[in-house]
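I shall begin with a single residue and then widen the view.

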Amino acid sequence: MRGKCGLFFESYRAEAAVFQSGFQKTCLGLFVAALLLSPWVLDSYFVSMLNLICIAVIGAVSLNLLTGVCGQISLGHGAFLGVGAYAAAQATMHGVPFLAALLLGGFAAALAGMVFGVPSLRLKGIYLAIATLAAQLILEYVFLHWESATGGSRGLSVDAPNILGFAFNNERRMFYLLFSIAALSLLMVTNVMRTRHGRAFVSIRDFYLSAEIAGVNLFAYKLAAFGLSSFLAGVAGGLWAHYTLFLSAEQFNIGLSISYLAMIIIGGLGSVTGSVMGAVFMTLLPEVLNGLSGAISDVLPNISQHINALREGVFGLVLILFLIFEPEGLANRWRLIKAYWKLYPFAH
Amino acid sequence: MKKMFRFAAMAVAIMSTLALVACGGEKKDDKAAAAKEIKIGGIIDLSGPTSSVGVPYSEGVKAGVAYLNAQGGIAGMKINFDLQDDAYNVQQGLTIYKKFAQDKIVAIQGYGTNVTEALMRSAAKDEITYFSASYSAHLTDPKTAPFNFFTSADYSTQARAALKYFKENWKESRKPKLALLFPDHPYGISPIQAIKDFAAEQGFELVGEANVDLKAIDATTQLLPLKEKKPDFIWCGGTTPSTAVILKDAKKIGLKATFFTNIWGSDENLIKMAGDACEGAYSLQAAAVYGQDVPGMKTILELTKNQPQMTHYVRGFVSMLVMGEGIRLAAAKGPVTGASIKAALETMKDFDPMGLAPKVSFLPTDHRPSMAVFLYKIVDGKLTFVTQETLDRKAEWLGK
């Protein structure tokens, strides 16, 4: 065993590197390789879970950029996802190639996000939350009533993605598409956070007045955060549309926005890894609870009805427990676990 | 350190439960392989906002399965019904569906509009026959929803039947006045255009419309302006809780009109929620109420051991009967697959679900199960059967 007792940087460049050690790179490489191979080993149900997780990861990391990094709370994230979904669906229906349509969806959502982000200059905290909640309600109304674009109450049928004649029409193919876009989004957000602009976002979050005094254009950067975050949300929405093949206004309700907020709180605000963990957790929790209640009702069939009702309560309870015992999210817990094993067996 | 252990213990606990769940799944599969049986999936709301009607509906479907199995199954095959809860959540419905699709299930008993619509394309792609309790008219058009079926007249047809009945029994010389109250929600909006068109055709005068939310706790704001326009008939397009709010507030402000609702707008619970305010309201249903004098009621009474159930229970039972008949027809012709059940259902002509619901027919180009609607009126706190109103199967109404 040869090694240093810590990471010592000799340049700022090394300190700001995304992957700071060879060990980390190897682990991540193995993890990604395992993920890439998994669709050939896992059955399609588990692959579909991975697919949903990939979409949730993009949505969560984009909200984390806005809320966790820049400190601007948004209760309208689900609706921005919807804007991207409808725009991308409309684009592919009009013959635009899938990837271009996805970008178009992103830009449409970015535009919507920036429009509804304008109040962020004047409003902070709970007031901004209410302003973005209004965005959610307005956009939901638009989804339901702009029939020519959204199909209104009848919804919109979407085709499976098709890139240069290659149709992504099964879970495995979808996984590679979703995984690569999710990986790109994670890389993008990680890199944005390392730039001067990313540091401007953080400075706004930490104290807006200092940021302004240091020369950060608050309005421009807040709008940029809304735009960038909504862009990625729109991409996630476009992917959701082409994955489920059907859009209706109900899919992008306030519940979706709240579940994305829950993801980043559970995962860890301001952390890319945390967004991933939160997305995984929130996507798998209902499945695990479902499996558990199924297992319990197999043993005790008489109480299965109560178990179903209880499940919703358990979901809420888990959130509360997280806020109390893991206020810094899963990402922080993961850091502590790593630190513990790094010093093993000589932990203090 | 202590925390560390706690965390490790938690992780172990989670892993072991996961393993348990996984084992449970495997055991089931072995059983499925051993006996000759057909596995049918259920994606129904057992929790969440619509569970108060989802649970009785699912009980009805389960009773249907028990009944068919007690008859010796279908073509010698027992039905294995795997009921899962989607909690009225599209994502959960989607994951349950993926599990079913992977298990090569041939048919699904589904439920709510949002999940049913979201799975419409997937069911068509995977060739899985999908029965729903969402009766949106556009699900009856095989061009958009080739594998979707249901056993009740769609929402638009239900409303048209009521309008026809009201018009036929209209004695005064002036035009009857109609007002619409519905939630601003896909479910509430879907029949509105059909109602407006048919009302105009039948000579109703539309005097007002307003939105009452599904979760409304007060409707006086919407009802007060209506009161001045003196409507004779008012459509309540929400679900039972919102109908109860409307009826109670209407009574409070002295608005007298004949209220009518679709299948989900009133049921046995409305009488408990609205008390005598619901007296005289019309309820449009597609299945008999508990204890009604129809041939199949004896079976229902036996299955439920005389414990009264909601009409949704009976409709769930009927849905399973019709699906069973589809499987039987398919089995008579060859192997039972999703596509063969679909093809068999499309040859179904006037199948009588033991008188519990109007006769069911499907066509390859038309998945409207029936054009007949049961009209009930709430008299002395009971859903009382009034008549069966049958409309023409007009081609231009398909999917609208």
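Is B:R121 buried or exposed? B:R121 is buried, because 20 other C-beta atoms lie within 10 Å; the cut-offs are 20 or more for buried and 12 or fewer for exposed, with partly exposed in between, counting other C-beta atoms within 10 Å of the residue's own, all placed from the backbone.

Before going on, a note on the source. This is a predicted model, in which local features need pLDDT of at least 70 and side-chain atom pairs count only at pLDDT 80 or more, whereas totals for chains, interfaces and linings use all residues. Residues are numbered from 1 along each chain as its sequence is written, and chains are lettered from A and ligands numbered from 1 in the order in which they are written.

To return to the residue, B:R121 sits in helix 4 of chain B. Helices here are DSSP runs of H or I with at least four residues, strands are runs of E with at least two, and both are numbered from the N terminus. Leaving aside neighbours within four places in sequence, B:R121 is in contact with A:S157, A:L245 and A:F246; contact requires C-beta atoms, placed from the backbone, to lie within 7 Å. Within its own chain, B:R121 has its C-alpha atom 8.7 Å from that of B:P146, 25 residues apart along the chain.

Now the contact between the chains. It draws 31 residues from chain B and 33 residues from chain A. On the side of chain B that touches chain A, two or more residues come from each of helix 1 (2-34), helix 3 (90-102), helix 4 (113-126) and helix 6 (186-189). Which helix of chain B gives the most to that side? Helix 3 of chain B does, with 8 residues. By class, the side of chain B has 13 nonpolar, 12 polar and 6 charged residues, where Ala, Val, Leu, Ile, Met, Phe, Trp, Tyr, Cys and Pro count as nonpolar, Asp, Glu, Lys and Arg as charged, and the others, Gly among them, as polar.

I turn to chain A. Its secondary structure comes to 15 helices and 4 strands, and 46% of its 348 residues count as buried. The C-alpha trace of chain A spans about 65 × 60 × 45 Å along its principal axes. Among contacts in chain A with a separation of 6 or more, 76% join residues 24 or more positions apart.

One helix pair in chain A deserves attention. Helix 4 (residues 77-93) and helix 6 (residues 125-145) of chain A have axes that come within 8 Å and cross at roughly 30°; axes are lines fitted to C-alpha atoms over the stretch in contact, and angles run from 0 to 180 degrees between N-to-C directions. The contact involves, among others, A:G82 and A:Y86 of helix 4 and A:L139 and A:F143 of helix 6 of chain A. The residues of this contact divide into 6 nonpolar, 3 polar and 1 charged.

Finally, two backbone features in chain B. Most residues other than glycine have a negative phi. B:A87, although not a glycine, has a positive phi of about 50°; B:A87 lies in the loop between strand 2 (78-85) and helix 3 of chain B and counts as buried, with 25 C-beta neighbours inside 10 Å. B:M354, likewise not a glycine, has a positive phi of about 55°. B:M354 counts as partly exposed, with 17 C-beta neighbours inside 10 Å.

Note on methods
Contact = placed C-beta atoms within 7 Å.
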